Amino acid sequence: MKEAEKIWMNGKFVDWKDANIHVLSHVVHYGSGFFEGIRFYKTKNGSAIFRLKEHIDRLYDSAKIYRTEIPYSKAEFSEAMIETLKINKLESAYIRPLIYRGYSEMGVNPKTCPVDSMIAAWEWGAYLGEEALESGVSVKISSWRRLAPDTMPTMAKASGNYLSSQLIKMEALEDGYDEGIALDYSGYVSEGSGENLFIIKDNIIYTPAMNGSALPGITRDSIIKIAKDFGYEIKETGIPREMLYIADELFFTGTAAEVTPVSSVDKIKIGSGKRGPITEKIQKRFFEIVKGEVEDKYGWLTEVK
Ligand code: PMP
């Protein structure tokens with residue numbers, strides 16, 4: 001990873017190498033962290049954070065689900081994020097804020113441990129590779145299911161949830177694929193290990209509904225708005241596995257993955273096996289927006305001077 005200079009920890013900037021926590025911190029043992037991944041893009045007129053408000057809202061929602069009070073207002077925390085970009089003199093970056101239960105008592109109850117916070121930012125390119133944005137990625141359906149709704153809340157972007165994602169990702173890589181897609185508890189398509197999924201069939205765009213144990217992705221929401229503006233019909237619904245095989249086009253969305261086409265599922269070629277025309281159109285508009293090449297008509301960019 002491309003290290004930056006400073007990391008914000010509990011209100012102070014510390015050197016990158018000194019941003020450490022105690023090994024007996026609650027989060028290390030019990031997964032009690034809530035985080036975000038946010039992109040800071042270089043635009044035509046300076047640099048801007050993409051959908052800062054929505055990411056901050058989801059961070060506070062994740063903490064709320066786990067009865068955790070973040071000791072900063074949303075405005076203060078947003079400002080700390082901006083300061084982190086400035087102090088590191090970044091022009092583009094991936095921003096990673098984390099709220100976590102720190103060090104005090106040992107035991108499952110998180111309430112005995114302090115609520116600590118950190119914000120790091122560094123330069124990070126295309127998550128699934130620059131080439132994948134055009135040629136697409138190979139995917140397998142994971143043997144691991146996503147979390148059932150009454151087990152762990154998937155609307156929270158919580159550190160512990162990523163054990164599920166790690167199993168999906170490792171299995172896919174071990175088996176020679178770029179990424180895995182998990183089904184939900186009832187056997188419908190849920191999401192990738194760190195991406196939401198869109199399916200195009202006969203000019204209609206489908207994506208798993210929010211009862212499919214997927215994270216409510218902010219890129220997902222952006223793509224739904226962009227596609228609707230292009231006049232496409234969007235259906236948020238249950239998606240059977242085989243619908244992926246017979247799709248005309250498939251693509252992943254995520255802050256890290258941005259808009260990445262899927263070229264095959266379980267070694268079955270999707271459409272032409274390359275980025276499809278609707279994917280390309282939506283992907284192009286997404287990049288035009290984040291790079292400030294078209295008007296920010298949705299108000300998604302927060303400029304950082
Ligand atoms: N699902 C999971 C499991 C993720 O980790 C992510 C990445 N945050 C997403 C979906 C996509 O969400 P977003 O577009 O908000 O980054």
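Before opening the model I wrote down my cut-offs: buried means under 20% relative accessible area, exposed over 50%, and partly exposed in between, with a 1.4 Å probe and protein chains only.

**Ground rules.** I am working with a predicted model, where local features need pLDDT of at least 70, side-chain atom pairs count only at pLDDT 80 or more, and totals for chains, interfaces and linings use all residues. Residues are numbered from 1 along each chain as its sequence is written, and side-chain values use heavy atoms, with hydrogens and water left out.

**Entry 1, Tyr103.** I looked up Tyr103 and found it partly exposed, at a relative accessible area of 44%. Tyr103 sits in the loop between strand S6 (93–101) and strand S7 (115–122); strands are DSSP runs of E with at least two residues, helices runs of H or I with at least four, numbered from the N terminus. I then saw that Tyr103 belongs to a nonpolar surface patch with Val23, Leu24, Tyr30, Met106 and Val108, about 610 Å² of accessible area together.

Next I checked Arg51, whose phi is near 55 degrees, a positive value in a residue other than glycine. Arg51 lies in the loop between strand S5 (46–50) and helix H2 (52–65), and I put it down as buried because its relative accessibility is 4%. Ser213 has a phi near 60 degrees, again positive in a residue other than glycine. I found Ser213 in the loop between strand S12 (204–208) and helix H6 (218–229); its relative accessibility of 4% makes it buried.

Which residues come nearest to the ligand? I noted Lys157, Tyr162, Glu191, Thr219 and Thr255, out of 15 residues around it (a heavy atom within 4 Å). Then I went through some polar contacts, meaning pairs of N or O atoms within 3.5 Å; within protein, one must be able to donate a hydrogen and the other to accept it, and residues adjacent in sequence count only if both atoms are side-chain atoms. A ligand nitrogen is 2.7 Å from a polar side-chain atom of Lys157, and a ligand nitrogen is 2.6 Å from a side-chain N or O atom of Glu191. A polar backbone atom of Ile218 lies 2.7 Å from a ligand oxygen. The protein covers 95% of the 390 Å² of accessible area that the ligand has on its own.

Is Thr255 buried or exposed? I have it as buried, since its relative accessibility is 17%. Thr255 is in the loop between strand S14 (249–254) and strand S15 (258–265). I followed its side chain to the backbone oxygen of Gly37, at 3.4 Å.

Technical notes: Patches are made of residues with over 30% relative accessible area and no salt bridge: like charges are joined within 9 Å, nonpolar side chains (Val, Leu, Ile, Met, Phe, Trp, Tyr) within 5 Å. Accessible areas come from the Shrake-Rupley method with a 1.4 Å probe; for residues, only the protein chains shown count as cover. A salt bridge is a side-chain nitrogen of Lys or Arg within 4 Å of a carboxyl oxygen of Asp or Glu.
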